[in-house]
Amino acid sequence: MTPSTNPVAALQDALLGAVAELDTGPVEAGPAVAATGPATLWRIFDAQVTSRHLDVVARELQAEGRGFYTIGSAGHESNAVVAEALRATDPALLHYRSGGFYVARAGQADGSTPIRDIVQSLIGSADEPIAGGRHKVFGHAALSIIPQTSTIASHLPRAVGLALALHRARRLGVEPPWPDDSVVVCSFGDASANHSTATGAINTALNTAYRGLPMPLLLVCEDNGTGISVPTPTGWIRAAYGSRPGLTYIAVDGSDTVAALEAATEAARLVRERRRPVFLHLRTVRYLGHAGSDAEITYRSHTEIVADYQRDPVLGTARALVGAGAATGADLTARYHQIRARVDAVVAEVAESPQLGSAAEIVAPLSPRTPELVADAAKRLRKPDGEAAPATLAESINTTLAAALDNDHRVVVFGEDVGRKGGVYGVTRGLSRRFGQARVFDTLLDEQSILGFGLGAGLAGLLPVPEIQYLAYLHNAEDQLRGEAASLSFFSRGQYRNPLVVRIAGLAYQRGFGGHFHNDNAVAVLRDIPGLVVACPARSDDAAAMLRTCLAAASVDGTVCVFLEPIALYHTRDLFADGDGGWLAADAGEHVPIGRARVHGEGRDLTIVTFANGVRMSLRVARRLAQRGIAVRVLDLRWLAPLPVDDIVRAAEATGRVLVVDETRHAAGVGEGVLSALVESGYAGSAARVSAHDSFVPLGTAANHVLLSEHDIETAAVELAEKE
Ligand SMILES: Cc1ncc(C[n+]2csc(CCOP(=O)(O)OP(=O)(O)O)c2C)c(N)n1
Ligand SMILES: [Mg+2]
C-alpha cells in the first residue's frame with residue numbers, strides 16, 4: 001500500500017515496524033535519558049499516541065459523515081514535551097496541531113477527559129467543553145488553554161498582551177486568574193511565523209522587554225518545513241529568529257524526545273525566571289498532509305513522504321523508553337493498541353452526542369446582556385460630586401475617563417500618543433499625569449498590538465480602553481476585533497470573555513484637512529461583527545453616559561464595545577450661530593441603555609433618523625424647516641449596533657415620514673439598516689435616505705462633493721415633507 005492510497009495505514013505500519021525493530025538490537029541510551037526518568041517518558045508516549053489515534057479517528061469519523069474536522073497533529077506530537085515542561089496553570093494559546101500538548105496538559109489535571117473532549121470537538125458536539133460545537137479548537141478553561149481561531153498567527157498579539165498584562169494587573173492590585181510566575185505559551189507554525197501579525201507581535205514582545213518591562217512569553221514555532229504545500233526555505237526560521245536582540249533562541253528536533261524535553265524545560269525555566277521572551281524552535285514533521293482533504297502526493301514525492309517516517313516523534317519517545325530499559329518494543333506496541341481501544345470506547349460512548357439545536361442556542365454566548373446590572377455598574381463609574389458644567393464632547397470623554405479611572409482600579413487607557421501628549425485631539429490630556437503611566441500609557445505604533453494588549457488585559461482581569469487614533473487605521477488591525485475579540489466568548493461558551501472598550505476617533509467633516517485617512521466614514525465593517533456594540537455619541541452629555549454604559553457592559557457582561565468618536569464634534573461648541581454654545585452640554589445621566597435612541601424635538605411632519613455629525617446638521621436643518629412650517633423631530637440613534645429598532649419605529653410612526661441621514665457610505669453604512677428595520681416592522685409610511693457617496697474622501701473643498709451636506713438633507717427633507 002503506498003501513501004497515496006492509504007497514508008494512515010502506511011504511517012502506522014512504519015511506526016509499528018520501527019518500534020518492533022527496537023527489540024532486535026541494543027538501543028543507545030544517553031545519560032540524559034536516564035535523567036528524564038521512565039515515568040515522564042511514559043506520560044509523553046501516552047499523550048503522543050493518544051493524539052495520533054485521535055487524528056486517525058478524525059478521518060474515520062469524517063468518512064462516516066460524523067466528523068467535521070481533519071487537520072491533525074500527526075508528526076507534531078513532540079509538542080507534548082512543551083506541556084510537560086510547563087505547569088497546567090500556564091496560560092496556553094496553541095497552534096492547531098497541538099493534540100500532544102493538549103493530552104499531556106490534561107494529564108496534569110485531575111478529572112480531565114482529553115479523549116472525550118477532542119472526539120466531541122471533532123463531531124461538533126454541544127457538550128464539548130470549550131466551544132460546545134461551535135468550532136474545533138484546542139481549549140479548556142480548567143486547563144488554562146485559551147481557544148484560538150483558524151486565522152493563523154492571529155493569537156500572537158493576544159499572547160503578547162497577556163504576558164504583559166499579567167504583571168500590569170498585579171501592579172494595579174488586580175488578581176489575574178493565573179499565578180505570579182506564570183509563563184504564557186504561544187505556539188504557531190513555520191509558515192505562520194512570516195505572517196505580519198506574528199512578526200508584529202514578536203516585535204512588540206521584544207520592544208516591551210527591551211524597555212525593561214516583563215514579557216514572560218514562550219514562543220514555540222512548530223516547524224514542519226511547510227505551509228500547506230509551500231516549503232519554508234531550509235534554515236529560514238533560524239535566520240529570522242535565531243539572533244534577534246532580546247530573544248533567547250533554542251532549537252531542537254522534536255524526534256529526539258529527551259533533547260526536546262530538555263530544551264523545552266530550559267526554555268520554560270528561562271522565561272519563568274527572567275520574565276523575558278524565549279523562542280523555542282521545535283522541528284517537526286507533518287504526516288497525512290495538511291488536512292484530510294489534502295492530497296500531499298500531488299506536491300511531494302513518495303520518497304520525501306516516506307523519508308519523514310524516520311523522524312516520527314512517537315518513535316523518538318519509544319526509542320528513549322527502550323534505551324532507558326523502561327520498556328520493550330513489544331510493550332510499546334501493546335500500549336499503542338490499548339490506547340486505540342480506549343479511544344474507540346470513547347468514540348462509541350459519545351456517538352449520540354447532541355449537536356447545537358437552534359440559532360438561539362448558538363448565539364447565546366455572543367452577547368449576553370444584563371441591562372440592570374450594567375445600569376448599576378455605570379452608576380459606580382460616575383463622579384458623585386453633583387452638578388457637571390456644560391462641556392464639549394472631548395472634555396466630557398476626558399472627564400468620564402478620569403472618573404472611571406478614579407472609581408475602578410481595573411481601568412487602563414492606552415494607545416498611540418494617549419499618554420504624555422494626551423491624544424492627538426487632547427481627549428486623554430492630563431490622565432497619564434494624574435493616574436500614572438501604568439494606567440494611562442503610550443503604546444507602539446501598531447494597531448494589532450494595541451488591540452492585542454486589550455485582549456490580553458481583559459483576560460488578566462483589567463478593564464482595557466484602547467484608543468485607535470483614526471478609524472482608517474483600525475482597518476489594518478480589524479481582525480483583532482472581528483476574529484479575536486468578538487469571537488472569544490462564542491468559541492468558549494462565555495468561559496473566556498473580552499471586556500473591551502475600543503475608542504476610535506473617526507468620521508469626516510474636518511473642513512478638507514487630512515483627506516480620506518482622517519475622514520474615514522466606513523462603519524459597515526463594524527456593524528456586521530456579531531455581538532459587537534458600536535456606540536457613536538454626537539453630544540457631550542450622551543458621550544459621558546454612553547461611555548459609562550460601555551465600560552459597565554464590558555465589565556459586567558464582557559461586552560466588546562467600539563466607542564466611535566466623531567472628530568469634527570470634539571471641540572464644537574455652537575449649534576446654530578457662533579457663540580451660542582448650543583452644542584455644549586452637561587453630563588446629565590448615569591448611563592444610556594444599549595440600543596436606546598434619543599429624540600430631539602416633537603415635530604409631527606417629519607422624522608429624521610441620524611447620528612454623529614448628522615445630528616448637528618439635521619438639527620440646524622430642522623430649525624430652517626420650522627421657519628418654513630415643517631415640524632421635524634430628529635432621532636439620534638446613538639447606537640449603530642445593535643440599532644435602536646423600537647425607538648426608530650416609534651419615531652417613524654409618529655410622523656409617517658422618515659428621512660434617514662447617514663454620513664457614511666451609500667452602499668453600506670448605517671442607513672440601510674434603519675430602512676430594513678422599518679420595512680421589517682411593517683412601517684407603512686414614506687421613507688427616504690441621504691448618505692455620503694461611495695468614495696474615499698479627498699482633500700480640500702473637494703471633500704464636500706462626496707460628503708453629505710446640510711443642503712442635501714434640507715432638499716430631501718422638503719421633498720419628503722411635501723410628498724402627497
Ligand atoms: C490568515 C490566514 N491565511 C490563510 C490561512 C489558510 N491556512 C491554514 S493553515 C495554513 C498554512 C500554515 O502553515 P504553518 O504555519 O507552517 O502551519 P502548519 O499547518 O504547517 O502546521 C494556511 C495558509 C489561514 N488559516 N489564516
Ligand atoms: Mg508548517
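**Core.** I started with the largest nonpolar core, which has 91 residues. By nonpolar core I mean a set of buried Ala, Val, Leu, Ile, Met, Phe, Trp, Tyr and Cys residues joined through side-chain atoms within 4.5 Å. Buried is under 20% relative accessible area, exposed over 50%, and partly exposed in between, with a 1.4 Å probe and protein chains only. Leu217, Phe279, Leu481 and Leu637 have the most contacts inside this core. Its top contributor is helix H7 (residues 156–171), with nine residues. Helices (H or I, at least four residues) and strands (E, at least two) are DSSP runs, numbered from the N terminus.

I then listed the partners of Leu217, skipping neighbours within four places in sequence: Ala159, Val160, Ala163, Val184, Cys186, Ala205, Val271, Arg276, Pro277 and Val278. Contact here is heavy atoms within 4.5 Å.

**Ground rules.** I noted that this is a predicted model, where local features need pLDDT of at least 70 and side-chain atom pairs count only at pLDDT 80 or more, while totals for chains, interfaces and linings use all residues. Residues are numbered from 1 along each chain as its sequence is written, chains are lettered from A and ligands numbered from 1 in the order in which they are written, and side-chain values use heavy atoms, with hydrogens and water left out.

**Second largest pocket.** Asn224 turned up again here: 25 residues line the second largest pocket, and Asp223, Asn224, Gly225, Thr226 and Thr232 lie nearest its centre. A pocket, on a 1 Å grid over the protein atoms alone, is an open set of points where a 1.4 Å probe fits, with protein on both sides within 12 Å along at least five of seven lines; lining residues have an atom within 4 Å of a point. I got about 480 Å³ for its space, a volume being the space filled by probe spheres set on the points, which are joined across faces, edges and corners. H9 gives the most to this lining, with three residues. By class I counted seven nonpolar, nine polar and nine charged residues. Ala, Val, Leu, Ile, Met, Phe, Trp, Tyr, Cys and Pro count as nonpolar, Asp, Glu, Lys and Arg as charged, and the others, Gly among them, as polar.

**Largest pocket.** This one has a volume of about 650 Å³. Of its 22 lining residues, Tyr509, Gln510, Arg511, Ala568 and Arg616 lie nearest the centre. The largest share of the lining, three residues, comes from H23. The lining splits into nine nonpolar, ten polar and three charged residues.

I followed H23 to Asn613, which lies in that helix. Asn613 counts as buried at 5% relative accessibility. Beyond four places in sequence, its contacts include Leu507, Tyr509 and Ala568.

Leu507 has phi near 70 degrees, a positive value in a residue other than glycine. It is in the loop between strand S12 (500–506) and helix H20 (515–518), and is buried at 0% relative accessibility. Asp417 also has a positive phi, about 70 degrees, though it is not a glycine. Asp417 is partly exposed at 33%. I also logged a cis peptide bond from Ala641 to Pro642, omega near -10 degrees.

**Last look.** Is Val413 buried or exposed? Val413, in strand S9 (residues 411–415), is buried at 0% relative accessibility. Leu444 is partly exposed at 22%.
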